[in-house]
Amino acid sequence: MQTCNYCAKVCPMEIGISGSFTAMNYLTLYGDLKVAKEQGSWLVGMHGRKKASECVKCGQCEEVCPQHIKIRDILEKIASTIG
Ligand code: SF4
């Protein structure tokens with residue numbers, strides 16, 4: 001999947017935003033929590049990024065998002081489901 005990743009460039013916490021979103025897709029599209037967790041581990045942690053639960057909700061990512069995605073809300077949901 002192509003991602004613009006503007007959010008990642010401004011995040012002071014180095015949250016793996018796009019990787020977390022991709023992982024979450026495995027849960028929302030396929031209902032597969034196990035694969036979602038595995039993908040999150042690979043796309044976020046193994047790529048040196050921090051987990052959704054470490055978001056401090058500063059909002060800088062949303063200010064630069066060209067699609068006006070509610071990133072903080074989605075990360076909160078990700079943190080409470082796939083961790
Ligand atoms: S709201 Fe969270 S994900 Fe967005 S820039 Fe701030 S720390 Fe990073």
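Trainee: Among contacts in the chain with a separation of 6 or more, what share links residues 24 or more positions apart?

Mentor: The share is 64%. A contact here means two C-beta atoms within 7 Å. Keep in mind that this is a predicted model.

Trainee: What makes up the secondary structure of the chain?

Mentor: Five helices and zero strands. From the N terminus on, the order is α-α-α-α-α.

Trainee: Why is the chain called as compact as a globular protein of its length?

Mentor: Set the value against the rule. The radius of gyration is 12 Å, and the globule rule gives 12 Å for 83 residues, so the chain is as compact as a globular protein of that length. The C-alpha atoms fill a box of roughly 30 × 25 × 25 Å along the principal axes.

Trainee: How much of the chain is buried?

Mentor: Buried residues are 29% of the 83. The test is 20 or more other C-beta atoms within 10 Å.

Trainee: Which residues of α5 pass that test?

Mentor: I71, L75 and I78 are the buried ones.

Trainee: How do you know that they line one face of the helix?

Mentor: Look down the axis of α5. The buried residues fall within an arc of 60 degrees, so they line one face. The general rule is that an α-helix has 3.6 residues a turn, so residues three or four places apart point the same way.

Trainee: What lies on the other side of α5, and what covers its buried residues?

Mentor: D73 and S80 are exposed on the other side. The cover of the buried residues includes α1 (6-10), α2 and α4. After α5 comes G83, with a positive phi near 90 degrees.

Trainee: Which residues of α3 are buried?

Mentor: In α3, residues 33-43, they are A36, Q39 and G40. Their arc around the axis is only 105 degrees, which puts them on the same side of α3. They pack against α2 (17-30).

Trainee: Now the ligand. How many residues surround it, and which are closest?

Mentor: 16 residues surround the ligand, and the closest are C11, M13, C55, C58 and C61. Two elements give two or more residues to this shell: α4 (60-64) and α5 (71-81). The largest share, three residues, comes from α5.

Trainee: What makes up the shell by class?

Mentor: It has 12 nonpolar, two polar and two charged residues. Cys and Met count as nonpolar.

Conventions. Residues are numbered from 1 along each chain as its sequence is written. This is a predicted model: local features need pLDDT of at least 70, side-chain atom pairs count only at pLDDT 80 or more; totals for chains, interfaces and linings use all residues. A residue is buried if 20 or more other C-beta atoms lie within 10 Å of its own, exposed if 12 or fewer, and partly exposed in between; C-beta atoms are placed from the backbone. Helices (H or I, at least four residues) and strands (E, at least two) are DSSP runs, numbered from the N terminus. The arc is that of the directions from the helix axis to the C-beta atoms. The radius of gyration is taken over C-alpha atoms; the globule rule is 2.2 Å times the number of residues to the power 0.38. A residue is near a molecule or strand if its C-beta atom, placed from the backbone, lies within 6 Å of it.
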